[in-house]
Amino acid sequence: MWHVPKIREACGVIGMCSPGSVSDYLYFGLRILQHRGQESAGISVFEDGKHTIVKGMGLVHQVMDKDRLGHLKSNKGIGHVRYSTFGVSALQNVQPFVVQTTHGEVSLGHNGEIINAEALRTDLKKKGWAFMTSSDSEIIVRLLANELSTHGDPVKAIKNLMGIIVGSYSLVVMIGDRVFGVRDPYAIRPLCLGRLNDGWAVASESVVFDNLDGEFVRDVEGGEIVEVACDGPKSWKYPSPKEKAHCMFEWVYFARPDSIIEGGLVYEVRKRIGSKLAKEHPVDADVVIPIPDSGRAHALGFSEVSGIPYREGLMKNRYVERTFIMPDQRERETGVMLKLNAIKSEVIDKKVVLLDDSIIRGTTMKQIVQILRKAGAKEIHVRIGSPPVTAPCYLGIDMKTRHQFVALNRTVEEIANVITADSIGYLSLNGLIECIGVGDNNLCIGCLTGEYPIPIEGERVRFQKKIDAF
Ligand code: SF4
């Protein structure tokens with residue numbers, strides 16, 4: 001099944017230690033995390049005293065099968081799914097990365113983005129280091145290997161690494177036969193700890209533990225290093241700020257609705273967002289229709305508060321190629337037509353409220369509005385479960401250039417014109433913060449405000465203004 005992302009590069013990671021074989025659990029764990037990355041997948045397990053890798057381009061079940069996993073009996077390992085950079089070097093960038101050191105092999109999977117990667121790469125090249133890939137994750141694993149060779153102790157090596165790299169990172173690391181989960185001091189990308197198959201595991205999302213008959217225990221804290229050992233987790237802490245910077249997009253779009261992040265069930269957060277939208281941007285309409293699947297919970301919340309009936313007015317074909325990899329705009333737009341169709345009886349002669357989580361470029365939304373118009377909708381009022389995205393992300397999401405954002409330098413009326421809707425209403429920033437419920441001092445909202453939790457060259461740092469000022 002192809003998930004159809006409007007934005008990409010939220011990878012998924014898992015690391016595990018269990019008395020029984022872990023390869024099946026890693027495989028199914030990655031399949032559960034498949035929505036976080038669909039271009040490549042891989043696992044590394046500690047087998048016969050060394051790290052054995054199975055990885056490649058494609059969905060998890062295309063990369064791994066019984067023939068490739070059936071003989072693996074290891075009880076420790078890590079796994080990774082990702083969106084790769086599109087291009088010839090994509091295979092080289094598939095994770096986990098593995099390097100050899102005098103203190104054993106090191107395997108690493110990374111979700112996030114290192115802000116000082118290029119500066120580090122330049123410095124290290126001057127010192128004579130050579131790199132195989134363009135990936136910031138290779139810089140992490142090479143630096144970690146270097147620290148390990150210098151100090152010998154894995155925990156000290158990880159702590160030293162955390163003093164060098166700056167950015168967002170939820171890591172799964174296997175050093176020799178020891179498995180660690182590591183979360184950056186601001187806890188930007190998710191990582192949680194739980195019980196699995198009588199052992200312990202870390203994973204990007206709690207839904208892994210639900211689906212595999214395990215038990216979600218808690219989030220890994222910002223700046224925490226957790227060793228998942230079979231006799232119980234061990235934890236160390238890297239000095240970290242009190243305020244965190246959890247990516248708001250995890251609740252709005254990336255994470256599965258049945259996951260719990262920082263105490264909030266994603267589904268409930270999305271429903272609250274829909275309810276809030278109904279209060280902030282009420283509209284006289286006949287039906288509330290979600291864009292499947294991302295707008296469903298938002299639409300339910302909107303319907304409950306507004307009293308306007310919820311209807312499945314759009315059907316999705318799950319088996320067409322993802323639109324974003326199509327090279328030009330025309331093909332991208334055709335892709336939307338191929339994957340969505342209207343249920344005419346639900347929209348004909350109706351005033352429709354159309355719900356989605358966010359708008360990035362606006363091209364997809366415009367196509368969907370036109371599909372509904374063609375099916376006979378009388379009016380289309382778009383309601384969006386987040387404020388306008390107007391600034392790039394430097395912390396792990398593929399939104400790098402300002403000019404792509406439909407909301408940049410446009411009024412809401414102008415945006416409605418671009419997407420050919422009768423009206424558009426975005427959730428307020430205060431509304432979003434209230435619905436997520438972790439406090440404004442614990443969220444990254446950089447792509448909404450242009451102010452980031454970590455200093456970034458050419459950009460402003462957050463906490464300079466009160467939220468009301470945006
Ligand atoms: S800039 Fe936006 S997408 Fe990137 S981490 Fe922050 S909130 Fe998430």
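This is a predicted model: local features need pLDDT of at least 70, side-chain atom pairs count only at pLDDT 80 or more; totals for chains, interfaces and linings use all residues.
Buried area is the accessible area that two parts lose on being put together, summed over both, with a 1.4 Å probe.

Start with the layout. The chain splits into domain 1, residues 12-241, and domain 2, residues 265-469. Their centres, taken over C-alpha atoms, lie 32 Å apart.

Now turn to where the two domains meet. Domain 1 contributes 13 residues to the contact, and domain 2 contributes 11. Together the domains bury about 1,000 Å² between them. Carbon and sulfur atoms carry 63% of that area. On the domain 1 side, three residues lose the most area to domain 2: E113, I115 and Y186. Together they make up 43% of what that side buries.

The interface of domain 1 and domain 2 holds 1 salt bridge. K400 and E113 form a salt bridge, and their closest N and O atoms are 3.0 Å apart. E113 is also one of the residues that lose the most area to domain 2. Across the interface, 4 residue pairs are in polar contact, with both partners at pLDDT 80 or more.

Which elements give two or more residues to the side of domain 1 that touches domain 2? They are β6, spanning 104-114, and β7, spanning 167-175. By residue class, this side of domain 1 divides into 6 nonpolar, 4 polar and 3 charged residues.

How values were computed. Residues are numbered from 1 along each chain as its sequence is written. Side-chain values use heavy atoms; hydrogens and water are left out. Domain bounds come from an automatic or database domain assignment. Contact means heavy atoms within 4.5 Å. A salt bridge is a side-chain nitrogen of Lys or Arg within 4 Å of a carboxyl oxygen of Asp or Glu. A polar contact is a pair of N or O atoms within 3.5 Å; within protein, one must be able to donate a hydrogen and the other to accept it, and residues adjacent in sequence count only if both atoms are side-chain atoms. Helices (H or I, at least four residues) and strands (E, at least two) are DSSP runs, numbered from the N terminus. Ala, Val, Leu, Ile, Met, Phe, Trp, Tyr, Cys and Pro count as nonpolar, Asp, Glu, Lys and Arg as charged, and the others, Gly among them, as polar.
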